[in-house]
Amino acid sequence: MTSIRLTTAQALVRFLSRQFTERDGERQRLIGATWGIFGHGNVAGIGQALVEYGDEMPFHQGRNEQAMVHAAVGYARQSGRLSTHAVTTSIGPGATNLVTGAALATVNHLPVLLLPGDIFAARPADPVLQQLEVPYAGDVSVNDCLRPVSRYFDRVTRPEALIPAALAAMRVLTDPADTGAVTLALPQDVQAEAYDWPEEFFAERVWGVRRQEPDPLELAAAARAVREARRPLIVAGGGVHHSAAEEALRELVDATGIPVASTQAGKGSLRFDHPADVGGIGHTGTATADELARTADLVIGVGTRYSDFTTASGTLFETPDVRFLNLNIAAFDGHKMAGTPLIADARAGLEALTAALKEWRVPPAYVAEYTEDKARWEQRVDAAYAAGEPDVRPTQIQVLGLLDELVGDEDVIINAAGSLPGDLHKLWRARSPRQYHVEYGYSCMGYEIPASIGVALAAPERPVWALVGDGTYLMMPTEIVTAVQENIPVKVVILQNHGYASIGGLSESVGGERFGTAYRYREADGTYTGAPLPVDLAANAASLGMRVIRARTVADLRDALARARAADGPTCVYVETETADTVSPPPPAQAWWDVPVAETADRPSAVEARKEYDRHVSARRRHL
């Protein structure tokens, strides 16, 4: 057997450069690039290997380890989970900074490869710099924090152990049901150690991303459940996009007339103007979708995990004999809500179900009902988006309305946290499957800017917008430097409302009286009711190298957005929004969400909030 002598790190980089995915006859590189911040623990190992094989493995320099994972996740989602990035860090804080990003990836079933440095395997000195000493276990390091948030974890303590670990990592990264963050912890001495590697380890390897067909008995039961329904409703989740099943969904809907509501991850499964698209569902859903959910006798979940936002914390599906049919590649999700499982790839399952239903359609009166309700909702969206006078300060909803006027099918809108996800889920008109990119599985503040870089790297031909509030911006603006360094033309829209608007509203509704949610001076009595802080986020973005356009009025904003979209470099639009939202208020929440309220309190706000909470809790049910 022919062998090649390389260090462990060199072998890993060379191995990763030769891994590919294939689905439906299309081949892609699995690891498109590696992100890195170097320190002791990876600079002499992975760092040297990336120099050694720079012509085979592209490299991106990051500024924050968590942000690097977000960028990799954005790239993976835009690539349909068929390609992702690796992320390398030093030991210590570099490694632990990965945990939040890893959790986000795993919660959202998005693949990312993490390569944190680790302490010495041979322990020539103990402890070493940044080592966490655990008195009861000598084989534990801070990297063990990544175990619960990784789909696969291994610590490569010998060079030859890399072979099975690397192959297992690739298997999990390409698994359509169990993918997420994959961690290979790399002791710094092992990274630099040489070994005679079998040449076959570096051969090109293609990992097929399977399309599991449905079981015939499950398919028959699913078709029977649909045929017996009078008011079925499809809930489209992120699995529709992951499977590239949008066309298959449209064909089923065109054939049957079943309306489609979408989760945050599934929005865009149908174009907004398709007659059967009734918008978002759940706490941040549309009135149309939520009313259909309340009266549905069959809920057909496609690639959804039924989060509390989707089910309104168990209060949304009110029909006493409502049943669930769950098409999902993951058996774990297929059995939720005591549903009839159809365990299959979303596209394969939808195509099979369409064929099994043949000439069956929902009653015409049902189609007329949701068509009329959809039209009424669109009128509410138009009213909320209405820009008003050109010389006034815009509201957050009007910002979305002006962006709605500007974008085309090719634009990508990215958001993750704050009040924007709710407004977007209710109001945004998704024009294409990859346009709506709201990370709401983990709803991680700071995700938007680095994710926009990842999306732009995956789809350089598409205008990419990162929508951030001031709270989110302050969490993680550092990757602006990366966008500037590599001239990645992302468009960052900063909406300044001087505080945590979403949590402030929630705090008020549950008796918390907006405590600790505003960016204001502290008064002598300890309250934060003074003037807004003189924080200039536009100046901050400019100081990081970004071109910044300030917009003070509706007219300014319309012009600024157009200029940003046309820009060929990273550009920021900064706008201070009207916080009262009296000009174009968004439609209120159409369903409940469970946030427990103090069971006993003296302050009237909390007492009243508890009464309202008890009223909603009484409507909750378990679907058995």
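Predicted model: local features only at pLDDT ≥ 70, side-chain atom pairs only at ≥ 80, totals over all residues.
Which strands does helix H8 (residues 216-227) lie across? Helix H8 lies across S15, S16 and S17, and its direction is at about 130° to S17.

- Six strands make up an open sheet in the order S14-S13-S12-S15-S16-S17, and their pairing is parallel.
- At the edges sit strand S14 (277-280) and strand S17 (340-343), each of which pairs on one side only.
- From one strand to the next, the twist averages 20°.
- Strand S15 (residues 298-302) and strand S16 (residues 323-328) run parallel and are joined by five bridges.
- Within that pairing, valine 299 stands opposite phenylalanine 324 of S16.
- Helix H10 (residues 246-256) also packs on the sheet, where it touches strand S12 (232-236) and strand S13 (260-262). The direction of H10 makes about 170° with that of S12.

- Strand S4 (residues 31-36) pairs with S6 in the parallel sense over five bridges, and tryptophan 35 has valine 87 in S6 as its bridge partner.
- S6 pairs in the parallel sense with strand S7 (residues 112-118) as well, over four bridges. Here threonine 89 has proline 116 in S7 as its bridge partner.
- S7 in turn runs parallel to S9, with five bridges joining them; leucine 114 stands opposite threonine 183 in S9.
- Strand S8 (residues 152-155) is joined to S9 by four bridges, and these two strands run parallel too. Arginine 155 has alanine 185 in S9 as its bridge partner.

**Covered strands and helices**

- How many residues of strand S6 (residues 84-89) are buried? Six of the six are, so S6 is largely enclosed by the rest of the structure.
- Strand S9 (residues 181-187) is mostly covered, with seven of its seven residues buried. Ala181, Thr183, Ala185 and Pro187 point one way from the strand, while Val182, Leu184 and Leu186 point the other way, and all are buried.
- Helix H11 (residues 287-295) is mostly covered, with seven of its nine residues buried.
- Helix H18 (residues 448-458) has nine of its 11 residues buried, so it is largely enclosed by the rest of the structure. Among the buried residues of H18 are Glu448, Pro450, Ser452 and Gly454.

- Phe38, Val43 and Phe59 make a nonpolar surface patch of about 240 Å².
- Phenylalanine 59 is found in strand S5 (residues 59-61), and it counts as partly exposed because its relative accessibility is 33%.

**Salt bridges**

- The structure holds 37 salt bridges. As a general point, side chains of opposite charge can pair when their charged atoms come close.
- Lysine 336 forms a salt bridge with aspartate 333, with the closest N and O atoms 2.8 Å apart. Lysine 336 is partly exposed at a relative accessible area of 21%, whereas aspartate 333 is buried at 6%.
- Arginine 347 and glutamate 351 also form a salt bridge, their closest N and O atoms being 3.8 Å apart. The two residues are separated by about one helical turn because they are four residues apart in helix H14 (residues 346-357).
- Both partners count as partly exposed: arginine 347 at 24% relative accessibility and glutamate 351 at 41%.
- Glutamate 405 forms a salt bridge with arginine 558, the closest N and O atoms lying 3.4 Å apart. Glutamate 405 is in helix H16 (residues 396-406) and arginine 558 in helix H23 (residues 554-566), so this pair ties together parts that are 153 residues apart in sequence.
- Glutamate 405 is exposed, with a relative accessible area of 51%, while arginine 558 is partly exposed at 39%.
- Salt bridges that share partners join Asp24, Arg211, Asp345, Arg347 and Glu351 into one network.

Definitions and conventions: Residues numbered from 1 in each chain as written. Heavy atoms only, no water. Pairing = 2+ DSSP bridges. Axes fitted to C-alpha atoms, helices over the stretch in contact; angles between N-to-C directions. Contact = heavy atoms within 4.5 Å. Patch = residues over 30% accessible without salt bridge, like charges linked within 9 Å, V, L, I, M, F, W, Y side chains within 5 Å. Areas by Shrake-Rupley, 256 points an atom, 1.4 Å probe, with all protein chains shown as cover. Salt bridge = Lys/Arg side-chain N within 4 Å of Asp/Glu carboxyl O. Buried < 20%, exposed > 50% of the residue type's maximum accessible area, 1.4 Å probe, protein only.
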